[in-house]
Amino acid sequence: MAKICLITGASSGMGKATALHYAANDWQVYAIARSADKLVELAKHSKNIKPVSLDVTDSVALASWTAALPATEKFDVVILNAGNCEYVEASDLDLAAFERTFALNVLAVVACTRYLMPFLNKGNKPSLAIVSSMAHFFPFTRSEAYGASKAAVSYFADSLRVDLADTDIHVCLIEPGFIDTPLTRKNDFEMPFLMAPEDAAKRIFDGITAMKSRLRFPRRLSFSLKMLGLLPYNLRNKLAAKMKQQ
Ligand SMILES: NC(=O)c1ccc[n+]([C@@H]2O[C@H](COP(=O)([O-])OP(=O)(O)OC[C@H]3O[C@@H](n4cnc5c(N)ncnc54)[C@H](OP(=O)(O)O)[C@@H]3O)[C@@H](O)[C@H]2O)c1
C-alpha cells in the first residue's frame, strides 16, 4: 500500500518541490495551502497529489478538516512547512507583522501538530517534520520577527521530541539556509550558497527517510554560521552590525 505524506505550504517553493518529490516516489501526498488554484495546477503533475485548500492559521478550520478525515486515514510523514518572512524596522516595530509571523511560523505549527498527531501512523514509525530556518543562528538585520519565530519553532520541535521519546513518532527539525523560492526572491541582498528547491526537496526526502533528527542544508552555510557562533559575543555583535551596513 502506498505511504501517505501531508505537506503544508505545498503551493510554492520548497513545499511544492517536496510534494512533487514524494509523489514521484509513489507516495500519496496531501498538499495543503490557501491558494486553491495553485494546488489544482500542482495536482495536474501527479495523480498522487491531493490538493487541500486550507489556512493553517485558522485553527477552527484545521480542527474541522481533521475531524472529517476517516479514522482509517493515517499519515506516515507530516511536513509542517508553511511559513513566511516579513522584515521589520527597529525604529517602528510593526506589531501586526510580528502577529502574522508568529501566527503562521509558530502557532500554526503547534495547531497542526495538535490536530494531526492522532492521524500519524503510529506503530509504523511515522515522521513529524518541522521546517524552521538557519535564520536564528545569527542576528541578521531586520529579522527580529522572522528570526525570533524560527528560534521558537526550533525549540518547539526539540522539546516535542523529548516528550514524544516514549512513542515511535520521529520528530525531524529542518533548518534550511537560503533556498531559491518566492520567499527569498524578495531579498535585495546577496544570499550565499543559494540552493534550488528541488535539491532541498531531495534532502528533505532522504533525511526523513533516514530518520534523521535534524536536517541542515546547504552544509557550507550551516558550517559558516556555526563558526560565527563560536566568536566571542561582543565580536559577533560587531560583525552583525558591520554586515548590516553592507
Ligand atoms: N526559502 C528559504 O530560503 C528558506 C530558508 C529557511 C527556511 N525557509 C522556510 O521554508 C518554508 C517554506 O518557505 P518557501 O521559501 O518555500 O516559501 P514560499 O515559496 O513563499 O512558500 C510558502 C508556502 O506557505 C504557504 N502558506 C502561507 N501562509 C499559509 C497559510 N496561512 N496557510 C497555509 N499555507 C500557507 C504558501 O501558500 P499559500 O500562499 O497558497 O497559502 C506557500 O505554499 C517556510 O517555513 C520558510 O520559513 C525558507
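Which two side chains meet in a salt bridge with an N to O distance of 3.1 Å? They are those of arginine 185 and aspartate 180. A salt bridge here is a side-chain nitrogen of Lys or Arg within 4 Å of a carboxyl oxygen of Asp or Glu.

Before we go on, a word about the model. It is predicted, so local features need pLDDT of at least 70 and side-chain atom pairs count only at pLDDT 80 or more, while totals for chains, interfaces and linings use all residues. Residues are numbered from 1 along each chain as its sequence is written, and side-chain values use heavy atoms, with hydrogens and water left out.

**The chain as a whole**

The chain has 9 helices and 7 strands. Helices (H or I, at least four residues) and strands (E, at least two) are DSSP runs, numbered from the N terminus. Along the principal axes, the C-alpha atoms fill a box of roughly 55 × 35 × 30 Å. A compact globule with 246 residues would have a radius of gyration near 18 Å, and the 18 Å of this chain agrees with that. This radius is taken over C-alpha atoms, and the globule rule is 2.2 Å times the number of residues to the power 0.38.

How much of the chain is buried? Buried residues make up 47% of the 246 residues. The word buried means under 20% relative accessible area, exposed means over 50%, and partly exposed lies in between (1.4 Å probe, protein chains only). The chain exposes about 12800 Å², of which carbon and sulfur atoms supply 56%. These areas come from the Shrake-Rupley method with a 1.4 Å probe, and for residues only the protein chains shown count as cover.

Contacts (heavy atoms within 4.5 Å) tell us about the fold too. Of the contacts in the chain with a separation of 6 or more, 67% are between residues 24 or more positions apart.

**Inside the fold**

A nonpolar core is a set of buried Ala, Val, Leu, Ile, Met, Phe, Trp, Tyr and Cys residues joined through side-chain atoms within 4.5 Å. The largest one has 31 residues, and those with the most contacts inside it include Leu6, Trp65 and Val78. Among the elements that give two or more residues to this core are strand S1 (4-8), helix H3 (59-67) and helix H4 (95-116). The largest share, 6 residues, comes from H4. Apart from this core lies another, of 29 residues, among them Ala10, Cys172, Ile174 and Phe205.

Valine 78 touches Leu6, Leu116, Leu120, Ser127, Leu128 and Ala129, leaving aside residues up to four places away in sequence.

Leucine 39 sits in helix H2 (residues 36-43). With 1% relative accessibility, leucine 39 counts as buried. Leaving aside residues up to four places away in sequence, its contacts include Ala10, Ile32 and Val52. Serine 53 is another of the residues that leucine 39 touches; their C-alpha atoms are 7.5 Å apart, although 14 residues separate them along the chain.

**Salt bridges**

A search of the whole structure finds 7 salt bridges. Three of them are shown here.

| Pair | N to O distance |
|---|---|
| Glutamate 89 and arginine 142 | 3.0 Å |
| Glutamate 175 and arginine 216 | 2.8 Å |
| Arginine 185 and aspartate 180 | 3.1 Å |

The pair of glutamate 89 and arginine 142 links distant parts of the chain: glutamate 89 is in the loop between S4 and H4, arginine 142 in the loop between S5 and H5, 53 residues apart. Glutamate 89 is partly exposed at 42% relative accessibility, and arginine 142 is partly exposed at 34%.

Glutamate 175 and arginine 216 also link distant parts: glutamate 175 is in strand S6, arginine 216 in strand S7 (residues 214-217), 41 residues apart. Is glutamate 175 buried or exposed? At 2% relative accessibility, glutamate 175 counts as buried, whereas arginine 216 is partly exposed at 21%.

In the pair from our opening question, arginine 185 is exposed, with a relative accessible area of 54%, and aspartate 180 is partly exposed at 29%.

**Around helix H8**

Serine 222 lies in helix H8 (residues 219-229). Serine 222 is buried because its relative accessible area is 7%. Not counting residues up to four places away in sequence, serine 222 touches Met134 and Arg216. Methionine 227 is in helix H8 as well, and at 37% relative accessibility methionine 227 counts as partly exposed.
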